[in-house]
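Have a look at it first, then read on.

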There are 2 protein chains.
Amino acid sequence: MVTKKQIKLIKSLAFKKNRIKHQLFVVEGHKIVAELLDSNYEIVSLFATIDWISKNSVNNVIQVTNSDLSRISNQKSPNEVLALVKIKKNQILHLDGITLVLDNINDPGNLGTIVRACDWFGVKQIICSRDTVDIYNPKVVQSAMGSLLRINVSYTDLSDYLRNVSKPIYGAYMHGDNILDMEFPKDLCLIMGNEAHGISTEISQYIDYQSSIRNIGNSAESLNVAMATSIFLYEISN
Amino acid sequence: MVTKKQIKLIKSLAFKKNRIKHQLFVVEGHKIVAELLDSNYEIVSLFATIDWISKNSVNNVIQVTNSDLSRISNQKSPNEVLALVKIKKNQILHLDGITLVLDNINDPGNLGTIVRACDWFGVKQIICSRDTVDIYNPKVVQSAMGSLLRINVSYTDLSDYLRNVSKPIYGAYMHGDNILDMEFPKDLCLIMGNEAHGISTEISQYIDYQSSIRNIGNSAESLNVAMATSIFLYEISN
């Protein structure tokens, strides 16, 4: 059974200030919870229906009815299990390969999709500006799926970070050099900018190479930032 | 002023059966309406705030207050103008280049993003299975933006269509040939499948080349279908 206090806590975690206060976030659905149980995230509580419990041998599960689950879920169709998970304090790591840097990505669906693309293309680290949407926002968690658990996402002052980067820094622009004609080194930083305004002026000064995806149709105003990120990662990693 | 009857009609168009019945759909926001006015779509009514009217010399605009606009809008932050537009009966065209075929795409955001990617990469035609989400769904319209007005989207029985296609037919699979190693002709059909189940068995029989985007990270279960489509279109069109 889920108590009123638990319902209140879980519901409150839809808001960033409460996630920060409690250092908790919510993960929903049997697929991502299966991956969560295999990850190094710390699960604080697990709420599940009898169906889920009967199929999984996990200790300390709080059994809930489907209607309880609906009451605590953020989703239209709640899916068997919901976990309260401790937020990880991710540090910036010094890794080889591609480091993706996000300058003020606002849309949670875009961030989630970008996390998934990173996972697909073997990118281990994303560094976000402080004004980028929170990685533990329920919509980000939902669209990133299990990939969220595998990518090191941290938030920092991008200027402070980029000032000390020794790898070449590439930025995605509307009118830069065609990525088809560029040679990419193995180690690099790739910066993607805000959905409406692109990379900010402040961050632009750190960029060594302005690069673009050619607009073949010549009519669409822009590519969605998550699509553009996928194409950059595809081109760079091949 | 907007009448009660108009409010009821506009609200009803959030549902496909009403869009079919009235042969109308809704377009919102000053950016897409600017493109709409330049397109060959027929606008039935245009509702706009005094701000919009003062900046645009368009006849027969129904002036509304911001609160009226909120009442008829599907969006959280209604944006100056809303148009009631006649649905176009798109026919399948015999065009050179890439024809994109969608087999049961469910998510409106995905379809909208795919339309935008087509526009970017110069793809003029999308042919959808009848169970693909409706192109005039408000969420599709919102995420496709002006690109919706430039792409010929039609719905048909895919088997009937594909049976008579003479171009080579490529399908996106999880485990096909790496698109990096493939040569693509100028004229082709590309089929993308459902978000959860991929291309259906029925449609698979028409496919000449099963193709894939290499999973470099080797952990993510799948790429989002809109991202995969963008990468395919990028690779094929370059």
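1. At what angle do helix α6 and helix α10 of chain B pack? The angle between α6 (residues 108-120) and α10 (residues 225-237) of chain B is about 15 degrees, and their axes lie 9 Å apart. Axes here are lines fitted to C-alpha atoms, for helices over the stretch in contact, with angles running from 0 to 180 degrees between N-to-C directions. So α6(B) is roughly parallel to α10(B), a term for angles under 35 degrees.

2. A word on the source: this is a predicted model, where local features need pLDDT of at least 70 and side-chain atom pairs count only at pLDDT 80 or more, while totals for chains, interfaces and linings use all residues. Residues are numbered from 1 along each chain as its sequence is written, and chains are lettered from A and ligands numbered from 1 in the order in which they are written.

3. Back to the helix pair: α6(B) contributes B:Asn110, B:Thr113, B:Ile114, B:Ala117 and B:Cys118 to the contact, and α10(B) contributes B:Val225, B:Ala226, B:Thr229, B:Ser230 and B:Leu233. Residues are in contact if their C-beta atoms, placed from the backbone, lie within 7 Å.

4. Now the two chains: 28 residues of chain A are in contact with 28 residues of chain B. On the side of chain A that touches chain B, α6 (108-120) and α10 (225-237) of chain A each supply at least two residues.

5. Since 100% of the interface residues of chain A are also interface residues in chain B, the copies meet through the same surface.

Key:
Helices (H or I, at least four residues) and strands (E, at least two) are DSSP runs, numbered from the N terminus. Angles under 35 degrees count as roughly parallel, over 145 as roughly antiparallel, 65 to 115 as roughly perpendicular and the rest as oblique.
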